[in-house]
Amino acid sequence: MKRMLWLIPALAALALTGCGSQKTEPLPAKPAVPTIVFATNPTPLHVNQEGSLTATVTVNTDPVKQATVEFEIWGDSDAANHEKLPAASDDNGHYSIKKTFAKADIYHVTIHTTTRDVHTMPTVEFQVAP
Amino acid sequence: MDPARKRRVGVFSTLILVLLALAGGSWWYWHSEQQKLPTVMPAPDFTLQNIDGGQTSLYGERGKVRLVEFFFANCPDICPLTTSNMANVQDQLKQKDLFGKQVEFLSISFDPERDTDQVLREYADRMRMDRSGWKVLRGTEAQTSQVADAYGVYLEKQADGSWVHSTRSLYLVDADNQIRKVYNMGDEMSTDEVYRDILKLAREK
């Protein structure tokens with residue numbers, strides 16, 4: 001029983017600490033805006049052959065490891081049909097998907113990127129060759 | 001110590017521990033409910049065009065707790081997710097008969113070129129924004145950029161018309177025009193936290 005007496009001062013200390021805490025949260029500072037570089041492998045991609053699409057996300061050349069990245073892809077010949085695919089991270093700032101295209105075309109990809117501070121969605125184009 | 005006495009002491013100790021845990025838990029709950037939200041800074045005033053007609057100013061709505069969102073309708077992920085979360089909070093506040101009366105939402109579009117009145121009305125309808133207590137505002141790009149800047153929202157327009165923008169751009173403003181909290185938008189937004197904080201400020205009045 002006596003061994004439990006430490007609980008009383010511990011709870012009191014916890015309570016007092018809680019009473020004294022008044023967090024102040026400043027307005028958001030200017031956020032770190034990421035640079036996004038897109039590449040396919042191979043370049044160009046080829047019809048009916050699996051290739052990879054990769055966005056490299058960095059801030060001041062440092063990789064951004066905890067972003068959420070989604071690729072929104074559409075081709076020129078079927079512009080109304082957009083496909084959205086979540087990219088997998090390699091924990092080193094690279095966000096990739098593997099994909100096989102059934103049609104040669106000029107494609108566009110909007111890279112929806114959300115980091116801790118900002119949201120950005122650049123659009124770039126790439127080619128799938130016959 | 002004989003075994004019966006040992007057992008009694010054991011039961012008694014467990015009982016004391018359970019009581020202490022219950023008391024502690026109740027106290028923490030009461031304490032967190034009572035603790036006031038800190039003041040971040042006075043909310044900068046703004047006057048912008050309401051898509052339903054006329055002008056709306058923040059200070060003109062003094063006396064109500066306000067949730068101020070910066071967004072653009074073409075944003076396909078983080079903005080609609082935030083607005084959808086706000087619509088859920090709207091529904092909870094309606095159940096308490098607070099929405100529109102003691103609490104108001106203000107959504108400011110920072111993309112006036114694409115977000116016309118019509119586009120914003122369609123967005124509001126699609127997102128179940130009840131405009132009796134949720135004002136959707138727009139202005140010129142210079143006006144909305146100035147308001148965003150005053151609130152510390154980072155905006156950068158890209159060549160393709162899209163925006164790089166802060167993800168922490170949802171502001172809780174109390175009845176006396178003080179910013180009391182800034183939230184993350186999208187996946188990081190805690191709807192429960194926003195709802196609890198609004199109730200806390202509504203009770204302060």
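**Overall form of chain B and its annotated cysteines**

In chain B the radius of gyration is 22 Å, whereas a compact globule of 205 residues would have one near 17 Å; the radius is taken over C-alpha atoms, and the globule rule is 2.2 Å times the number of residues to the power 0.38. The model is predicted, so local features need pLDDT of at least 70 and side-chain atom pairs count only at pLDDT 80 or more, while totals for chains, interfaces and linings use all residues. Residues are numbered from 1 along each chain as its sequence is written, and chains are lettered from A and ligands numbered from 1 in the order in which they are written.

The C-alpha trace of chain B spans about 85 × 35 × 30 Å along its principal axes. Chain B holds five helices and 10 strands, taken as DSSP runs (helices H or I, at least four residues; strands E, at least two) numbered from the N terminus. Of its 205 residues, 37% are buried, meaning that 20 or more other C-beta atoms, placed from the backbone, lie within 10 Å of a residue's own.

Turning to the cysteines, an unreviewed UniProt entry lists Cys75(B) and Cys79(B) under "binding site"; such annotations may be inferred rather than shown by experiment. Cys75(B) sits in the loop between strand 4 (65-71) and helix 2 (78-95) of chain B, and counts as buried because it has 23 C-beta neighbours inside 10 Å. Cys79(B) lies in helix 2 of chain B and is likewise buried, with 26 other C-beta atoms within 10 Å. Beyond its neighbours within four places in sequence, Cys79(B) is in contact with Phe71(B) and Phe72(B) (C-beta atoms, placed from the backbone, within 7 Å).

Terms used
A residue is buried if 20 or more other C-beta atoms lie within 10 Å of its own, exposed if 12 or fewer, and partly exposed in between; C-beta atoms are placed from the backbone. Two residues are in contact if their C-beta atoms, placed from the backbone, lie within 7 Å.
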